[in-house]
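Grab your viewer and work through these exercises with me. Each one sets a task, then walks through the solution.

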Amino acid sequence: MGPLRHAYLDALGIDRWVPRNAPPEVAPQGVETQSVAPESVAPESLTQASQPAQPALAKHANPRPAPLEPSTWTPLPPVADWGVLRERVAGCMACDLCKTRTQTVFGVGNQQAEWLVIGEAPGAEEDRQGEPFVGRAGQLLNAMLLAIGLPRETVFIANILKCRPPANRDPKPEEVSKCLPYLSNQIALLKPRIMLAVGRIAAQNLLATDAPLARLRGKLHHFGEANTPLVITYHPAYLLRTPSDKRKAWEDLKFARATYSRITGGGAA
Ligand code: URA
């Protein structure tokens with residue numbers, strides 16, 4: 001294991017076995033070792049996925065649109081253009097979250113990315129900045145990705161929900177069912193080679209199961225019509241609260257990386 005990998009493991013806060021009389025190590029230049037402080041995040045609870053439905057195309061701009069009455073909310077077919085999809089998401093009024101959001105959080109990253117990382121929903125900072133995983137959990141996610149050789153800008157990052165649930169509560173099933181078609185459309189456009197779901201909410205909704213995360217991680221799943229390989233790991237916010245599980249997250253990340261190498265014949269990310 002090289003010094004670069006050591007620095008990444010340190011950034012994740014994972015202890016390494018070092019021989020008793022080993023000389024002290026120096027972190028390689030240019031490698032940022034992030035330290036992340038614990039944060040308090042509401043405990044994740046169960047959410048059962050509903051059948052995805054198509055979102056409505058809304059022309060009204062933020063701020064504070066009124067949500068459509070369920071009777072006037074009509075499904076739309078997926079689109080073949082990232083810009084059109086982004087506009088749709090920005091104007092979405094399919095559920096009550098449009099009343100409390102600052103802005104929608106579409107997703108960020110390389111539209112040619114082979115890796116798609118999927119989280120739960122924007123938090124306060126993401127709602128402010130309009131970008132997923134920019135808070136402390138995002139810093140840890142960046143370190144996790146870097147640990148397997150993936151700088152943040154080389155992947156695409158999206159969430160199950162495009163709007164922040166008030167007080168960071170869990171997504172409601174009706175919110176998920178109205179929002180999932182946007183993610184499905186993103187997946188159809190991106191055509192990722194592999195997906196990494198972080199946290200129970202993302203995992204359960206993608207797999208339409210209420211199985212606990214412990215039963216979902218550590219094995220290879222597949223998603224959608226394209227049968228895209230899907231690996232599950234812990235949410236970085238959970239890892240900030242429970243650093244003792246970082247070792248297991250590291251195993252998941254190595255598993256994801258090995259799966260990617262296998263399906264691409266060892267190719268680069
Ligand atoms: N947690 C998530 O699941 N997604 C974000 O974008 C930020 C925090």
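**Exercise 1. Find which residues lie nearest the centre of the largest cavity, and which elements build its lining.**

Step 1: The lining of the largest cavity has 16 residues, and Cys92, Cys95, Arg101, Cys163 and Cys179 are the ones nearest its centre. Step 2: Two elements, α3 (97-100) and α6, each give two or more residues to that lining. Step 3: α6 gives the most, with four residues. Helices here are DSSP runs of H or I with at least four residues, strands are E runs of at least two, and numbering starts at the N terminus.

Before going on, some ground rules: this is a predicted model, where local features need pLDDT of at least 70 and side-chain atom pairs count only at pLDDT 80 or more, while totals for chains, interfaces and linings use all residues. Residues are numbered from 1 along each chain as its sequence is written, and side-chain values use heavy atoms, with hydrogens and water left out.

**Exercise 2. Work out how much space the largest cavity holds and what classes of residue line it.**

Step 1: Rolling a probe the size of a water molecule over the atoms shows where empty space is left. On a 1 Å grid over the protein atoms alone, a cavity is a set of points where a 1.4 Å probe fits but cannot get out; a pocket is an open set with protein on both sides within 12 Å along at least five of seven lines, and lining residues have an atom within 4 Å of a point. Points are joined across faces, edges and corners, and the volume is the space filled by probe spheres set on them. Step 2: One cavity of 30 Å³ or more turns up in the whole structure, and the largest cavity has about 100 Å³ of space. Step 3: Its lining splits into 11 nonpolar, one polar and four charged residues (Ala, Val, Leu, Ile, Met, Phe, Trp, Tyr, Cys and Pro are nonpolar; Asp, Glu, Lys and Arg charged; the others, Gly among them, polar).

**Exercise 3. Describe the second largest pocket.**

Step 1: Its space comes to about 230 Å³. Step 2: Among its lining residues are Ser184, Ile187, Lys191, Phe223 and Glu225. Step 3: Helix α6 (residues 173-190) contributes the most, three residues. Step 4: By class, five are nonpolar, three polar and two charged.

**Exercise 4. Is leucine 213 buried or exposed, and what does it touch?**

Step 1: Leucine 213 sits in helix α8 (residues 213-216). Step 2: Leucine 213 counts as buried because its relative accessible area is 10% (buried is under 20%, exposed over 50%, partly exposed in between, with a 1.4 Å probe and protein chains only). Step 3: Beyond four places in sequence, leucine 213 has contacts (heavy atoms within 4.5 Å) that include Gly199, Arg200 and Ile232.
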